[in-house]
Amino acid sequence: MRLLKRASALILRSGIRTYQSRLSQNDGLFRVHTPVSQALAENKPVVALESTIITHGMPYPHNLRTAKEVEAIVRAEGATPATVGVIDGEVHIGLSSEELDHLARCESSLKVSRRDLPYVISKGLSGGTTVSATMIAAHQAGIPVFVTGGIGGVHRDGENSLDISADLTELGRTPIAVVSAGVKSILDIGRTLEFLETQGVCVATYGASKNFPAFFSPQSGFISPYQVWDPEEAAKLILSTLSLGLQSGVLIAVPIPEEHAAAGQQIEEAIQTAVTEASVRGIRGRDVTPFILQKVNEMTKGKSLQANIALIHNNAKVGSQIACALSKQTSERQTEGGTHRYGKPLSDSESDIVVIGGINVDFIAKGKTESLIFGQTNPGSVCQSFGGVGRNIADSLSRLGCRPLLISATGADSHSDAVFNYCKHMNTSGVARLEEQSTATYCVVITESGEMSLGLGDMDIHGQITEQFVSRFEKQISSATLVCLDGNIPVTTINYICSVAAKHNINIWYEPTDSEKACKPFLSDAWKSLSYSSPNLAELFTMNKTLGLPTPEVLPSAPDQVLSAAVTLSRPLLEHLHCLVVTLGANGVLVCGEHEAGSVNLQPRKQKRRRQLCALHFPAVTVTAEETVNVSGAGDSLAGALIAGILQQRDTDSCVRMGLLAARLSLMSSHPIAPTLTSHSVDPNKVQTPSWPKPSFMWID
């Protein structure tokens, strides 16, 4: 419940703006191998691989050799392998050669499924992850494609025993694409496909046939609902699933290569014999599959092992090609819509949005103990991400079909290289790379429970976003549809931009960043040139206090009092601001502004005028602890999607819902701004969601 409240609050932006995924919250449990984390940070293709094939699927040294061969195939296709396993109570996402060898040799390794993860972790044990556990880990890390041999299913006589693999239920609740050779032939394939349909899992056979494969055989006697011909078509299917936010997976069934399928009949006969023997000997549950595979290997004199290795190699090749195609399509989708907006061509003047603000490289260092001892080395881990409020909002807008120009500054250092590589989909032509300057970095040290112990920031470069530098872009600013500022830039720069806006009647959106920086435009009359702002209650309090207006001694916490205070503090600012979007954490969003047809008019104003004021209160979206992967960047996603909706001339309800959907995607992604964020994925008319609660309307005197 605590995590749920925290996520709900941060979806609407709290004061700290650092990357903190579920991995960083639980990094005593999850450990991401450096090559994997680097690939994910750069939006490069990554393929997750399971490890029960290492610990339980093959004897040593075949298991180790196969694991290394599979990883080599993934690399050869242009992706990064991320073999998942549990070592000494930690879930490793990506394994070193030494760790692979350890799992391959370990005779005490457990077979770890979803139900086993808590026990294995609590006892500090080691094991190979099944399909379900690997899916959980991959989803935590933000890896959308997972390759395995074959998935589990409904066991024969499952209608009586209810022996159904956790792989199937995991596919129904975790948005991962699983590439496999279908379902193991020792199972009830017909009932397995029926169960997958019930779970809402999209199943497609890869290649020229719709025949659903049965592991060692390209045909099971059953037909897949769908078919994908090649990696590009498979990637489109996966991308559509992720964009819809359905929270269920995709199963891509890849038939075994023809040259190895010839032995299928002999292997199938051996399987039937082994199944019968397992039943006679009373072998049950998780022990059945290893027994049958070993028995079949003996009976076929190694042919089944050769076929097993061949299909795994083939799956790795196909899955890696799909992952690469998905990565490419995701990048292309992020920039789609740049030339058209709902069928209407965009002119340069219409499409120009300027975002002026900070770029940060964030480091979160989390200890493994409740208290940290200063003056010595403490056990822990460090997570890196790319942030900065201005960068995040420009990223969000870029993924939603807008073409924002980001004006900012970085150093000419390795951090800057990483930032530019990550932001290839954005227009960063307005970002200065300054010699003898350091890219802004922020490091926070937190305890095991998440309490902040120490924070250090090198933000001096934000002071280089000067009036003189920004004035080089006065032409773009003066012709922009909207200019967005964050509170990281100097007061003199804010004043200059506000003067340009007043001269050219430009709408400015001010993102306060935090309660200390919220005051900057309000130190002079510059604030009167602002059109929009998106403060939280503490930042709204600072704005009023800076203007010398009455403010409460203590900010309220009861929901009714919070809403009342937000309306009261918004009222004086609306004498000049067109609209305020007040984020209230778990209490939702309050939109205040000009009344129009029973709602708040969010559309950019052409001139100031007397108007009747009102407010709409939107409840916070529901976010479960299981859905929450990343609790940072959601607020910036909200602001970016709101701005995109406004510029697309959407109604107020749709704009706010776009913002909430974008924030939801951010929470469910390992990235602050979700790579799956697109115009389609936040379109309230296209995304399947529970019915939206009606916002509360109130007049403002």
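Me: Two strands pair if DSSP finds at least two bridges between them; what makes strand β14 and strand β17 a pair?

Reply: This is a predicted model, in which local features need pLDDT of at least 70, side-chain atom pairs count only at pLDDT 80 or more, and totals for chains, interfaces and linings use all residues. Residues are numbered from 1 along each chain as its sequence is written, and side-chain values use heavy atoms, with hydrogens and water left out. Strand β14 (residues 352-356) and β17 share five bridges in the parallel sense, and five meets the cut-off of at least two, so they pair. Within this pair, Ile 353 stands opposite Pro 404 in β17. (Strands are DSSP runs of E, at least two residues; helices are H or I, at least four, numbered from the N terminus.)

Me: How do you know that β17 is largely enclosed?

Reply: Eight of the nine residues in β17 (residues 403-411) are buried (under 20% relative accessible area; exposed is over 50%, partly exposed in between; 1.4 Å probe, protein chains only). The rest of the structure therefore largely encloses this strand.

Me: And which residue stands opposite Ser 408?

Reply: That is Val 431 in β18. β17 and β18 (residues 427-434) pair in the parallel sense over six bridges. The chain gets from β17 to β18 through helix α19 (residues 414-422), a right-handed β-α-β crossover.

Me: Which residues have the most contacts inside the largest nonpolar core?

Reply: They are Ile 93, Ile 143 and Ile 252, in a core of 90 residues (buried Ala, Val, Leu, Ile, Met, Phe, Trp, Tyr and Cys residues joined through side-chain atoms within 4.5 Å). Helix α16 (residues 303-334) gives the most to this core, with eleven residues.

Methods. Right-handed = clockwise from strand over helix to strand, strands pointing away.
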